[in-house]
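We will walk through a handful of stops, one selection at a time.

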Amino acid sequence: MLFNSYAFVFLFLPICLLGFYICRAITGSKGKDWLLKVFLIAISLWFYGFLKPENIPVLLISMIINYGIYGLMERRNDKKSLLIWGLFVNLAALFFFKYTGSFFVPLGISFFTFSQIAFLMESYRGNLRRVNALDYGVYITFFPKLAEGPIALPAEMLQQIKEVCGKKLDFEELYRGICLFTLGLGKKVLLSDTLGRAADYGYSNLASLNSGDALIVMLSYTLQIYFDFSGYCDMAMGIAGMLGFTLPLNFDSPYRARNIIEFWKGWHITLTRFFTRYLYIPLGGNRKGRTRTYLNTLIVFLVSGIWHGAGWQFIIWGMMHGVLYVITRWMSERKDAGPQRQSGVKRVLSTAGTFLYVNIAWVFFRAPSVKEALSLLGTMIKCNFTKIDRNLAGCFNLDEFWYVIKVLRIDKWQYAHYILTVLLLLVSLLLVFFAKPAVKTAEKMKPSVRNAVMMAVLFVWCVVSFSEVSSFIYFNF
């Protein structure tokens, strides 16, 4: 089920909230915390299997196997061999479904598999004790994070699962959760999906693009994936907040980064943490000398590229980030580097340079093949700037805004069809570089008529736009 769908907004979410608060009231009065946990697992399985019921058996089998391995680890001394078997089973299943041409790929298999791995690793390290089946079930299946993260560590969820049963309804917490969900919904439906149409058109018509078109296509995808992933993270945290849970921050204005290291502190934060905790550190981290540190870093980015997709373009994307990350770290670690103080101009140039590099890397990430990625980049390098493709510009012409242009009688102007292209890209860039993150905006929002009206207008606008419902980009990973 998609957050940006009629079924979720008007059926699933109301039933979920009503059932959750009823179960919690019963739990609080009679001490039956099992009832609330069973409800959360059941509602999460409904969410997960709504579009493809065949997803559910894969998830349940994975959970049964992993909880069984955890139980053996609790009772036996050969924890390391059990951990190895657990890692093998999880990674083998992930490889089978993602890379062997399986008849279907279960929704969010990477994310719930990584949660299983984190659970086994933390158990092996002695950080988990006597986790019952219901708590484990809620941790793995909790629907706001199930399909696209964030990848929460067991310690971040298990304690909350115990505490949420005794909570009372907090109307301000519920209100802030609704506001954050609505802001994320706006990012996805109004911005990401519109930008996505332009990116899809461009990559489907590479041969007909001029240099200006190619730049717009490249920038459109860079902004599309930003608002798509940012929007999902906001919605996931908002829904969790409505239920009294706090999910870890997974996205923090990465395009404002001054270098690639800062970028990865803001992009998919919990994935970076997962690879650091369970791959980079076990490989030796930075404990075995500078050369080994850099090699371990490159391995992490290579694995990250392969995880995102089977194709050389994903490996190139991962290594572009990995190589620049190593170079940046080496430069910062030089003995003569001294304190890093940048003037305003240098900060702007550093941010612009990093943003441009990330844009180029996204071309390989989005293109169907390396050949097509190079074709788009080659078109830009030719500097053949002519009139923007009318069909490409039309991808930005939202009906509601085009109606305003017609009412103002400027639709006959020869450049009228390009107004919304420039406007949408400019607004998107301003939001990326200057707007306060939605999480911080929602945290400070108090119930008021003004705020309620603004959120209601944004929500209705999004719902009206559901006619072109699209999946989230990271659902494919």
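Which side chain does K37 meet in a salt bridge? Select D135: the two side chains pair up at 2.7 Å, N to O. A salt bridge here is a side-chain nitrogen of Lys or Arg within 4 Å of a carboxyl oxygen of Asp or Glu.

Before going on, note that this is a predicted model, in which local features need pLDDT of at least 70 and side-chain atom pairs count only at pLDDT 80 or more, while totals for chains, interfaces and linings use all residues. Residues are numbered from 1 along each chain as its sequence is written, and side-chain values use heavy atoms, leaving out hydrogens and water.

**Stop 1: salt bridges**

The count comes to 15 salt bridges. K37 sits in helix 2 (residues 33–49) and D135 in helix 6 (residues 133–141), 98 residues apart, so the pair links distant parts of the chain. Helices are DSSP runs (H or I, at least four residues), numbered from the N terminus. K37 is buried at 6% relative accessible area, and D135 is buried at 3%. Buried means under 20% relative accessible area, exposed over 50%, and partly exposed in between (1.4 Å probe, protein chains only).

Next, select R258 and E262, whose closest N and O atoms are 3.0 Å apart in a salt bridge. R258 is partly exposed at 34%, and E262 is partly exposed at 26%.

**Stop 2: the core**

Select F3, F8, F245, Y255, W267 and W362, the residues with the most contacts inside the largest nonpolar core, which has 149 residues. Such a core is a set of buried Ala, Val, Leu, Ile, Met, Phe, Trp, Tyr and Cys residues joined through side-chain atoms within 4.5 Å. Helix 10 (residues 211–242) gives the most to this core, with 19 residues.

**Stop 3: helix 5**

Select residues 109–124, the 16 residues of helix 5. Of these, 15 are buried, so helix 5 is largely enclosed by the rest of the structure. G126 follows helix 5, with a positive phi near 80°.

**Stop 4: a surface patch**

Finally, select I61, I65, W85, F88 and V89, a nonpolar patch on the surface. Patch members have over 30% relative accessible area and no salt bridge; like charges are joined within 9 Å, nonpolar side chains (Val, Leu, Ile, Met, Phe, Trp, Tyr) within 5 Å. Helix 4 gives the most to the patch, with three residues.

Methods:
Helix = DSSP H or I, 4+ residues; strand = E, 2+ residues; numbered from the N terminus. Expected span 1.5 Å × (residues − 1). Areas by Shrake-Rupley, 256 points an atom, 1.4 Å probe, with all protein chains shown as cover.
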